[in-house]
Amino acid sequence: MENAQLYKEVLHSKQEWEDTFKAVEDMIIVFDHKGTVYQSNDSARGFSNLVPLIEKSQNLIQDTFSFNKPGFQEILLQHDTILEMHAYPIQNKEHQVYGVIAYYKNVTERRQMEVQLLHAGKLGAIGEMAAGIAHELNSPLTAILGNSQILLRKTPQDNPDYMLLDDIKICGDRCRQIVKSLLTFSRQDEYRFHYYSINEAIHQVLNLLKFQLGKKQISLHLSLQEDLPFIKGSQPQIEQIIINLLLNAKDALDESAQTEKSISIATYSENKFMVVQVTDNGTGIEQERLPFIFHPFHTTKDREKGTGLGLSVSLGIAKDHGGKIDVLSTPGHGSTFFLRLPIQGEERG
């Protein structure tokens, strides 16, 4: 009877341990001295990249056996999945290591959030700096525009200096528009929703990017529907999406062998959505990459050129506005991105 009761208690304890082992959401794998999986919980068995995970764990497993001390490493898998691995030696009564318990925690989302927060902090600092520079430029621009207008009034149009003065005024006006765009893009109330013109948002963006596109000898084609209603949202945030789409198009054209590089921007209404369509004739995107382009940190650019956050952040902004971003692309022929934003009404504000 005593043996039966003892066996029942041992069996009950074993069942409790196994239930606990299975219930842990993080992956737990027990390895033997050969690095072979001896036991694993449900989370580990259901992990899609288990084979490459075990392969990348072998060095730490063997070190844990050899030095009889806990170990730690980070493991990077496909699609930028990041796992933290802790390895612990299992000892018998003679303090000999006969196995290793490996505990894996998926920290991909946490790392992405940390990088996004860091990136947001940098963007905030850049915004403040841009606002400061814009305000500093306003004073000399006011003097340039004011004095050029006074001199234009006093100068006959047949005077050779008239064209020079008029050119100064035109360039001053252009600089003022660029300063205005910088102030709009960097202002602190960017999360407030109001009614605005999508075409005006595009013109604001082009004030900032026309020089960059022209310097790369990229021709720009606009087809903006004039009778579009105002839509409600955060204009600076929507401008950020358009900037990201145009910069991505520019980078795709930088890598392209096309002799005539072009970007087309079109606006039109479609069902209950306002559509901003950005098309380039650049390198295009491979079909196997299309499902991942909106994932955080997915990028084919050099580290100096991009973080892989642009499209991810843009999609997040679009969703916050009740919209979405779609893409069509053919490798070697270019890509077309569609920003779709809901139309709420004709109100002006």
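**Entry 1: charge pairs around R340**

I began with D326 and R340, which form a salt bridge with the closest N and O atoms 2.6 Å apart. D326 is in strand β11 (residues 324–330) and R340 in strand β12, so this pair ties together parts 14 residues apart in sequence. I note that this is a predicted model.

Next I looked for another partner of R340. E270 meets R340 in a salt bridge as well, at 3.0 Å, N to O. E270 belongs to strand β9 (residues 261–270) and R340 to strand β12 (residues 334–342), so here the parts tied together are 70 residues apart in sequence.

R340 is buried, at 13% relative accessible area. D326 is partly exposed at 28%. E270 counts as partly exposed too, at 29%.

How many salt bridges does the structure hold? I find 15. One of them joins the side chains of R111 and E84, at 3.1 Å from N to O. R111 sits in helix α4 and E84 in strand β4, so the contact ties together parts 27 residues apart in sequence. Both R111 and E84 are buried. I also traced a network of salt bridges that links E74, E84, R110, R111 and E114.

**Entry 2: rings**

I looked up aromatic pairs and found 0. A charge does sit over a ring: K324 lies over the face of F273, 5.8 Å from the ring centre.

I turned to the surface. I126, M129, I133 and L137 form a nonpolar patch there, with about 370 Å² of accessible area together. I placed I126 in helix α4 (residues 108–154). Its relative accessibility is 47%, so I126 counts as partly exposed. I keep the helix repeat in mind: with 3.6 residues a turn, residues three or four places apart point the same way.

Is α7 largely enclosed or open? Of its 20 residues, 17 are buried, so the rest of the structure largely encloses α7. This helix covers residues 235–254 and reaches 28 Å from first C-alpha to last, close to the 28 Å expected at 1.5 Å a residue.

**Entry 3: positive phi**

I checked backbone angles last. N68 has a phi near 55°, positive although the residue is not glycine. N68 is in the loop between α3 (50–67) and β3 (71–77). At 29% relative accessibility, N68 is partly exposed.

H95 has a positive phi near 65°, again in a residue other than glycine. H95 lies in the loop between β4 (81–91) and β5 (97–106). I record H95 as exposed, because its relative accessibility is 58%.

Conventions
Residues numbered from 1 in each chain as written. Predicted model: local features only at pLDDT ≥ 70, side-chain atom pairs only at ≥ 80, totals over all residues. Heavy atoms only, no water. Helix = DSSP H or I, 4+ residues; strand = E, 2+ residues; numbered from the N terminus. Expected span 1.5 Å × (residues − 1). Buried < 20%, exposed > 50% of the residue type's maximum accessible area, 1.4 Å probe, protein only. Phe/Tyr/Trp six-rings, centres within 6.5 Å; stacked < 30°, edge-to-face > 60°. Lys NZ or Arg CZ within 6 Å of the ring centre and 35° of its normal. Patch = residues over 30% accessible without salt bridge, like charges linked within 9 Å, V, L, I, M, F, W, Y side chains within 5 Å. Areas by Shrake-Rupley, 256 points an atom, 1.4 Å probe, with all protein chains shown as cover. Salt bridge = Lys/Arg side-chain N within 4 Å of Asp/Glu carboxyl O.
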